[in-house]
There are 2 protein chains.
Amino acid sequence: MYIVVDERDGRPIYRQVADEIRGLIARGELREGAGLPPVRQVAADLGVNLNTVAAAYRELQREGLISVRHGAGATVASRTARGKSDGELRKPLRAALTALVLAGLPRAEIMTLVSDELRGLLKRGK
Amino acid sequence: MYIVVDERDGRPIYRQVADEIRGLIARGELREGAGLPPVRQVAADLGVNLNTVAAAYRELQREGLISVRHGAGATVASRTARGKSDGELRKPLRAALTALVLAGLPRAEIMTLVSDELRGLLKRGK
DNA sequence: TATAGTGTATGGTGACACCGTACAATTTAG
DNA sequence: CTAAATTGTACGGTGTCACCATACACTATA
């Protein structure tokens, strides 16, 4: 399982890890029932503490994306996250689009960018 | 200048304030040369400390969006933010789109959502 | 039923968000 | 021209939280 974290990202590491795994699940690189690597392995790969990865796993479990069982590992539980309100989904989208607009990108270019990203996310549909 | 912050947002307040003002500038509700309210006034409106708002202003100044002068106020300097790398722009977009996909929204609906948001941002283009 | 593998809990450290207050620069009133 | 008001900045303190090291608890397997 290939994921990357970035020191200068600003967001906490455990959240970056969760985001990376969300992407893997959305893209279908981690299917329902698939097992996730042990927290110690991911931690070693990234050079961080195992608790940091465990925090990411807990966050994903709260969203219903994975199932974590004490002693056994963690597995992908669903490709559908639960419980995010409309506003919680819209706000980050608006912020990202605002940044693009302020960077000077024209509308058409932004739509192309979005389309590209979406294609990458939906390539291997269920 | 109407902005809102949310305790349960997760992001620090000063960053939320900066984001709100970014939106105002992008939408043209704050034009180049327009003056921003004093940090004390914004702080009072939001019920936070003036230094929290000052931190937001500094962040916007670093991006070249506003100009802050000691003793005089802050004014909008440009509608174009500087220096954001391609990855820094793409990563939040990808994260937002991933959340939408995991929420179960179909591609077409996501595109509509994006289009709506973009229209709101570009309505009063200069 | 040990032993290895895996997630969890606990306690400590450092960074940082936020606050209250004092300071410095600019503008404005007189 | 100068004092007062207005505005951003600097400093010190407090609480939260991300991260770590280590010990513990549950599960699977030999």
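How do the residues of the surface near DNA strand D divide into nonpolar, polar and charged? I opened my notebook with that one, keeping in mind that this is a predicted model.

**Entry 1: the surface near DNA strand D**
I found 12 nonpolar, 9 polar and 3 charged residues there. The largest share belongs to α3(B), with 5 residues.

**Entry 2: where the chains touch**
I then turned to the two chains. Here 30 residues of chain B are in contact with 30 residues of chain A. On the chain B side, α1 (13-26), α4 and α5 (107-122) are the elements that give two or more residues. I see that α4(B) supplies the largest share of that side, 12 residues. By class, the side holds 19 nonpolar, 4 polar and 7 charged residues.

I picked α1(A) and α4 (residues 86-102) of chain B, whose axes lie 10 Å apart at an angle of about 50 degrees. That angle is why I call α1(A) oblique to α4(B). Their crossing is left-handed. From α1(A), the contact uses A:D19, A:R22, A:G23 and A:A26; from α4(B), it uses B:A95, B:T98, B:V101 and B:L102. I sorted the residues of this contact into 4 nonpolar, 2 polar and 2 charged.

How values were computed
Residues are numbered from 1 along each chain as its sequence is written. Chains are lettered from A and ligands numbered from 1 in the order in which they are written. This is a predicted model: local features need pLDDT of at least 70, side-chain atom pairs count only at pLDDT 80 or more; totals for chains, interfaces and linings use all residues. Helices (H or I, at least four residues) and strands (E, at least two) are DSSP runs, numbered from the N terminus. Ala, Val, Leu, Ile, Met, Phe, Trp, Tyr, Cys and Pro count as nonpolar, Asp, Glu, Lys and Arg as charged, and the others, Gly among them, as polar. Axes are lines fitted to C-alpha atoms, for helices over the stretch in contact, and angles run from 0 to 180 degrees between N-to-C directions. Angles under 35 degrees count as roughly parallel, over 145 as roughly antiparallel, 65 to 115 as roughly perpendicular and the rest as oblique. A crossing is left-handed if the near helix is turned anticlockwise from the far one by less than a right angle, and right-handed if clockwise. Two residues are in contact if their C-beta atoms, placed from the backbone, lie within 7 Å.
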